[in-house]
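Here are some friendly notes to read alongside the model. Please keep the viewer open as you go through the points.

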Amino acid sequence: MLTLSINGTSHQVDVPDDMPLLWVLRDVIGLTGTKFGCGIAQCGACTVHLDGQAVRSCVLPASLAQGRDVKTIEAMAQDPVGQKVQRAWLDLEVVQCGYCQSGQIMSATALLTTTPKPNDADIDAAMAGNICRCGTYVRIREAIKRAGEA
Amino acid sequence: MRRLLPLLVGVLCAFGSAARAQAPTGGAGENVVQRGEYLARAADCAACHTPPNGQEFTGGYKFSLPFGTIYGPNITPDKATGIGDYTDDEFVAALQRGVGRGGKHLYPAMPYTNYTLMSREDVLAIKAYLFSLKPVHAESPPNALSFPYNQRWAMVFWNLLNNPDRRFQPDTSKSAAWNRGAYLAEALGHCQACHTPRNFMYGLDEGRAYGGAVVQDWLAYNITSDRDSGVGAWSDDDLAAYLSTGHATHHGSAAGPMAEAVDHSLRYLTQPDIRALVTYLRDVKPVHDEIPAAKPVQADALGARIFREACVSCHALDGSGRQTPYAALQGAHSARDPNGTNLLQILLRGGNIATGGPTAFMPAFGGEYTSEELAAVANWTIGHFGQRGGEVTRKSVEGVRPGGPGSAAQPTPGG
């Protein structure tokens, strides 16, 4: 039995220690905003925050999230930085198909929390590994800068 | 007498600590089987007597040596395929003299030149443990060695030169911890089997003890006390953490055969024993290698692109490691080696390390990327994290690709 703090709520889950956190989030707890893309940390769709750091939940054993603060896309509407990011995303109409965007927003929010005015190199470093098949990268970059100014 | 007394006390203390160093392992109240289990872990028997992803001690682990292929045999107490018929004396002869049942000479892939230092009492505790296991009927594949290496009798001469056939003698001028560390490293853990280069006779090159060597395509690093080439600059805590868990902050993570050593052996050692190993390693004579100095390196554009695409999700662009500290590349020895020996192994074969918690793993990238791409990403990693000019070429990748011409073709268990 694992005890996980997810979006400020404590959850007791009866899962194997090495079950990836993504499975726990989606299939056990029912938080389906975080997406499954590749399952091998190659696409970034499953990105969540672990103590504020963007991590790929598909390769993170749930037991390693114990005692740490997990935040998912569902909590971003209550997060001051997450709010700015989502506002900028809507204003600039970043999203096309949308599948990768939970992960993009989680990576962008983690970046802006530690680096409120990121330059292009900061954005490159933080967003590398979040892949968008629709190619919305240009708008993502613009929206991150917009959120940083807000 | 007043002057003699401290001397006498000193001698007695030295004698006492030497006796402790020789004393068998294990806490008071442990029975011989429990003691044997601890010793078998410390001697890392499982690493070579367990098939990849198979049942412990049932044999079949493949060694690819320069002169052919041999397999670690089944050492469960099965009478037909294991060691069930071994008497005490026969078992002691195998570990101390490299002579198996019926006078059959063992090959020195079995580190009996190290185990020979073990006391008879400790050897028999290991036997008691192995004989407490369930017998498993498991035949190992036949060895395939070329002539003259397939002539087991010839080992008589090799043994005359390379097996001292003597028990561990504590050095009374050293501390009890040093002597315990020496016993763990030399008699049990056989660290030198990988970390000391071999001479043309396949004996250990004692002049470069612990100076590093390539074994089965992996570079076993220089772990002497040299500050630049060895581990002399590591803190005691970092060394202890690396030995116990396969990872230390700013020193990267163990992979390949060292990950196996941590997985099967080192993580089971008590902290006093780990500290004793550290004490001993600190005192190993430094072996210095000329390593190119760190310098800014022109980034490889293809390598940078691949690292951003394929590697950052776990390693992060600054090499801090994302999901797990085991993914940290900052300070990793593998990124300072211009030839990228171990980097190529982990890229091509992937790897994993179990340390009691969930397994940390890296998938293999050999199937998805061409040799040019892997060389580029290796060189970028060496330049970026090791600050050295990587010298990996398409040819060097092809040389060690699984199944490639120069490859030992040893699949990493589970990798």
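1. In what order do the three strands of the open sheet in chain B lie? The order is S1-S2-S3, with antiparallel pairing; strands here are DSSP E runs of at least two residues, helices are H or I runs of at least four, and both are numbered from the N terminus. Two strands pair if DSSP finds at least two bridges between them. Strands S1 (61-65) and S3 (144-145) of chain B are at the edges with a single partner strand each, so one side of each has no neighbour in the sheet.

2. A word on the source: this is a predicted model, where local features need pLDDT of at least 70, side-chain atom pairs count only at pLDDT 80 or more, and totals for chains, interfaces and linings use all residues. Residues are numbered from 1 along each chain as its sequence is written, while chains are lettered from A and ligands numbered from 1 in the order in which they are written.

3. Back in the sheet, five bridges join S1(B) to S2 (residues 68-72) of chain B in the antiparallel sense.

4. Turning to chain A, domain 1 spans 2-74 and domain 2 spans 76-149, with bounds from an automatic or database domain assignment. Their centres, taken over C-alpha atoms, are 20 Å apart. Across the boundary, 15 residues of domain 1 are in contact with 13 residues of domain 2 (contact: C-beta atoms, placed from the backbone, within 7 Å). On the domain 1 side, S3(A) gives the largest share, three residues.

Methods. Contact = placed C-beta atoms within 7 Å.
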